[in-house]
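Subject: Structure for you to look at

Hi,

Here is the structure I promised to pass on. Please open it alongside this note, and my findings follow below.

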Amino acid sequence: MEKVIIIGSGPAGWTAAMYAARAALSPLVIEGNFTQENQERGTLPMGQLALTTEVENFPGFPPGDITGYLASAVPASRKEMLAPHDPELNGVSGPELVELIRAQAVHFGTRVVTDDVADVDFTSKPFKLIGAGGNTYETQTVIIATGASANYLGLESEGRFKNRGVSACAVCDGALPRFRNKPVAVIGGGDSAVEEAEYLTKFASKVYLIHRRDQLRASKVVAKRAMGNPKIEILWNRVPKEFLGNDKDGITGIQVSSTVGAADLTVDVSGVFVAIGHTPNTGFLRGKIGLTEKGFVARPVPFRSNTSVQGVFTAGDVADDYYRQANTAAASGCMAAIDTERYLAALE
Ligand code: NAP
């Protein structure tokens with residue numbers, strides 16, 4: 001039986017593992033699997049950082065060329081998971097950052113299993129976690145750090161063109177030939193949408209940022225940069241009405257309606273990137289643990305990582321609908337590991 005199992009492999013999961021390992025709890029991380037189903041659900045291992053280009057605001061990574069550091073810090077067995085480092089980045093990329101935190105956790109003795117947790121039994125001790133392939137893991141404590149995944153608009157035509165021009169991840173798909181030197185659109189006005197729009201300017205001839213209000217939600221510095229980018233045109237007060245295209249070419253355009261009573265508009269694009277927020281990855285926990293109205297793991301004790309089940313703790317975006325930063329996820333992973341250590345010590 002394990003002392004602690006951590007479910008999830010983003011910054012929260014690996015930071016929890018690092019602290020648990022240093023507390024001699026010999027943690028096991030169930031990191032998730034690279035399956036088609038996870039790809040479609042947006043629940044691939046390594047969390048949302050794996051889908052982020054440049055991370056400029058994680059402490060310890062000021063602008064500078066970290067090529068040599070990465071070469072020495074990331075184990076050879078994991079190097080193939082990373083694209084070659086881009087020395088023009090202002091610091092570190094998302095995949096590099098999460099790979100570095102993973103390496104740090106493994107360095108201190110974290111063990112890793114590549115599996116998805118499909119079901120849990122928290123009704124008696126030891127807790128049981130059931131893997132997608134049928135493996136059962138028994139443990140005294142659990143840290144849930146499964147993060148959140150991208151939302152879609154839910155239009156029928158959006159579904160029809162998924163993976164044929166409609167994507168929720170510019171970093172994953174933006175460099176595909178279908179988008180190169182052609183106009184594309186990004187939906188949303190938050191940090192993700194604006195960052196994706198900027199990223200796409202590397203490949204696309206023009207990027208329409210389609211936002212339902214007349215003000216961006218994105219942080220000021222990100223918004224200012226996008227507004228100064230000549231390749232980005234913001235269509236204010238607009239929402240997608242219909243994704244246009246055909247079987248042969250996929251997406252060819254998007255019809256947008258106005259939120260302030262103007263006429264509909266049709267924009268020719270070869271791709272639409274949907275960046276309208278995220279849903280917590282708690283499907284496997286429904287009915288097993290307290291969740292909030294929005295489906296996030298509920299934390300009944302203020303400033304603690306406790307959940308409604310004693311011995312089950314949580315960290316990161318799966319329990320956070322407010323801050324949702326790599327920094328806060330990592331910090332909450334640290335808190336969950338400390339809470340777990342103290343809980344186990346009290347049991348002894
Ligand atoms: P978000 O901040 O929740 O923004 C979602 C955007 O989508 C909003 O602009 C929202 O419009 C729009 N939207 C939502 N539902 C919509 C719908 N049905 N139709 C049209 N538009 C819709 O989500 P996010 O951009 O993914 O960011 C999530 C969190 O991660 C934030 O805390 C953000 O700061 C953080 N983040 C940080 C970084 C960074 O620091 N480098 C990068 C990415 C994300 P309204 O504005 O009208 O609500």
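The ligand lies between domain 1 (2-150 + 278-347) and domain 2 (156-274), because both domains give residues to the shell around it. The domain bounds come from an automatic or database domain assignment.

Before you go further, please note that this is a predicted model, in which local features need pLDDT of at least 70 and side-chain atom pairs count only at pLDDT 80 or more, while totals for chains, interfaces and linings use all residues. Residues are numbered from 1 along each chain as its sequence is written, and side-chain values use heavy atoms, with hydrogens and water left out.

Now to the ligand itself. Of the 19 residues around the ligand (a heavy atom within 4 Å), the ones that come nearest are D191, S192, E195, R213 and R217. Helix α8 (residues 191-200) supplies the largest share of this shell, with three residues; helices here are DSSP runs of H or I with at least four residues, strands are runs of E with at least two, and both are numbered from the N terminus. By type, the shell has four nonpolar, nine polar and six charged residues.

The side chain of S192 places an N or O atom 2.7 Å from a ligand oxygen, and a polar side-chain atom of N57 lies 2.9 Å from an oxygen atom of the ligand. R324 takes part through its backbone, with an N or O atom 3.3 Å from a ligand oxygen. The protein covers 79% of the 920 Å² of accessible area that the ligand has on its own (Shrake-Rupley method, 1.4 Å probe).

How do the two domains meet? The C-alpha centres of domain 1 and domain 2 are 30 Å apart. Seven residues of domain 1 are in contact with nine of domain 2, contact meaning heavy atoms within 4.5 Å. Between them the domains bury about 610 Å², 57% of it on carbon and sulfur atoms; this is the accessible area (1.4 Å probe) lost on putting the two parts together, summed over both.

Two backbone details to finish. K125 and P126 are joined by a cis peptide bond, with omega about -5 degrees, and P126 sits in the loop between β6 (117-121) and β7 (127-131). A24, although not a glycine, has a positive phi of about 60 degrees; A24 is in the loop between α1 (11-22) and β2 (28-30).

Best wishes

Technical notes: A polar contact is a pair of N or O atoms within 3.5 Å; within protein, one must be able to donate a hydrogen and the other to accept it, and residues adjacent in sequence count only if both atoms are side-chain atoms. Ala, Val, Leu, Ile, Met, Phe, Trp, Tyr, Cys and Pro count as nonpolar, Asp, Glu, Lys and Arg as charged, and the others, Gly among them, as polar.
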